[in-house]
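Work through each before reading its solution.

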Amino acid sequence: MNKKVIILTSLTITLVAIAVVLIGVTQYMRYTYKQEVFAIESASEKKRTEIQLLDESHNELNAKIAEQESTLAQLWTTIEEEEQQIVEMQADSEYLATVVTEHEAKFATYKTTNEALALSVSELTATKQEKRSAVAEIGEQCNALQTEIDTLEVTLEKPRFPQNPVFVNPDGKIAYLTFDDGPSKYTPMVLDILKQYNIKATFFVTYKTSASLIPYYARIVEEGHTIAIHTASHDYKKIYASFDAWKEDYEKIWNYVYELTGVKSQLYRFPGGSVSGYNEKVRDKIREYLNYQNVIFYDWNVVNGDGGNVSADEAYHNVVDNIGSRQKAIILMHDATGKQTTVDSLPEIIETLLEKGYQFDKLDATVKPIQMSW
């Protein structure tokens with residue numbers, strides 16, 4: 001009995017051990033199976049993903065192929081169009097070749113014609129040059145004739161002063177005070193100073209119509225001074241535009257002075273001086289006219305500088321410092337508007353020149369003029 005129990009127990013234990021082993025094997029196999037299933041599922045999922053990516057790539061590739069096919073179709077269309085254009089261009093080229101041939105023939109004709117025209121132009125140019133030379137020669141002859149006519153006109157005009165002036169050389173040192181561009185409100189101040197020193201001077205006057213200034217023309221003459229001709233307008237460009245323009249200006253002021261004073265003035269001073277850039281083109285003819293009329297023109301050899309802005313002291317020194325040892329000094333000053341410093345400096349100039357041994361006198365037809373050379 002005990003032996004059976006032992007056997008049964010052993011058998012039971014064996015069965016239990018076998019069962020445990022089987023259970024372990026079963027569990028292991030289940031685990032292994034799950035692992036394999038998981039690996040298979042993972043591999044399957046990966047394959048599915050790869051298949052999906054391949055499908056997407058395939059779709060993209062199909063889309064690109066479709067696009068390329070469309071582009072290719074367009075290219076074929078373009079090629080067909082260009083082939084058609086090439087055919088048309090070949091036809092045009094053949095036409096152009098025909099046109100070029102025709103034009104080349106015309107060009108050869110034109111070239112021959114042009115050479116003939118060039119020869120004609122050359123001949124005409126030579127003829128034109130000859131005619132120009134002839135015209136220039138005729139122009140020179142006309143200018144020479146006009147000069148002769150102008151000379152004859154001057155010669156035929158009766159001289160205003162028939163007798164040539166006879167100049168006298170006084171003894172000692174002489175100062176001739178001359179005042180240009182008046183009269184103005186400063187003219188009576190100058191006249192008062194001259195009367196104070198019992199000095200005579202010369203006034204080269206301009207054309208003034210103001211009622212307050214007109215009496216000074218006569219006063220200059222009445223107080224024993226010389227009234228002389230300067231200009232009517234003092235507009236350089238207008239006066240020296242031509243000889244006729246200058247003569248018109250000269251006649252206007254000469255007649256005006258004669259009308260107001262009864263003086264037929266034989267003395268003249270060029271506006272701006274006898275030599276200037278303004279009168280370069282007409283001064284020779286003016287000088288010829290004045291000489292024929294026996295009118296004497298006077299420039300100067302001493303200035304007080306009041307043609308610009310100077311102080312009374314500067315005006316004084318401009319005269320006394322620059323008069324030097326001259327025996328005859330024709331001093332240029334102005335009694336025009338704005339020349340207060342001339343009035344202010346005049347007494348001191350007179351006194352200093354008296355101290356230097358100068359006598360004062362007025363210009364007249366016996367005084368040899370100082371004239372700028374040109």
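**Exercise 1.** Classify Arg160 by its accessibility and find its salt-bridge partner.

Solution. Arg160 has a relative accessibility of 25%, so Arg160 counts as partly exposed. The classes are buried (under 20% relative accessible area), exposed (over 50%) and partly exposed in between, with a 1.4 Å probe and protein chains only. The model is predicted: local features need pLDDT of at least 70 and side-chain atom pairs pLDDT 80 or more, while totals for chains, interfaces and linings use all residues. Residues are numbered from 1 along each chain as its sequence is written, and side-chain values use heavy atoms, without hydrogens and water.

Next, the partner: Arg160 forms a salt bridge with Glu251, with 2.8 Å between the closest N and O atoms. A salt bridge here is a side-chain nitrogen of Lys or Arg within 4 Å of a carboxyl oxygen of Asp or Glu. Glu251 lies in helix 5 and Arg160 in the loop between helix 1 and strand 1, so the pair ties together parts 91 residues apart in sequence. Helices (H or I, at least four residues) and strands (E, at least two) are DSSP runs, numbered from the N terminus. Glu251 counts as buried because its relative accessibility is 18%.

**Exercise 2.** Which residues are joined with Glu223 into one salt-bridge network?

Solution. Start with Lys195, whose side chain meets that of Glu223 in a salt bridge (3.5 Å, N to O). This pair links distant parts of the chain, 28 residues apart: Glu223 is in the loop between helix 3 (215-222) and strand 3 (226-231), and Lys195 is in helix 2. Lys195 counts as exposed at 55% relative accessibility, whereas Glu223 is buried at 16%.

Then take Arg219, which forms a salt bridge with Glu223 at 2.6 Å between the closest N and O atoms. Both Arg219 and Glu223 are buried. Through shared partners, salt bridges join Asp192, Lys195, Arg219 and Glu223 into one network.

**Exercise 3.** Check the span of helix 8 and locate its kink.

Solution. The 16 residues of helix 8 (residues 340-355) should span 22 Å at 1.5 Å a residue, and the end C-alpha atoms are 24 Å apart, which agrees. The expected span is 1.5 Å times one less than the number of residues.

The kink, about 40°, lies at Leu346, shortly before Pro347. Such a bend is the angle between axes fitted to the seven residues ending at a residue and the seven starting there. Just after helix 8, Gly357 takes a positive phi of about 90°.
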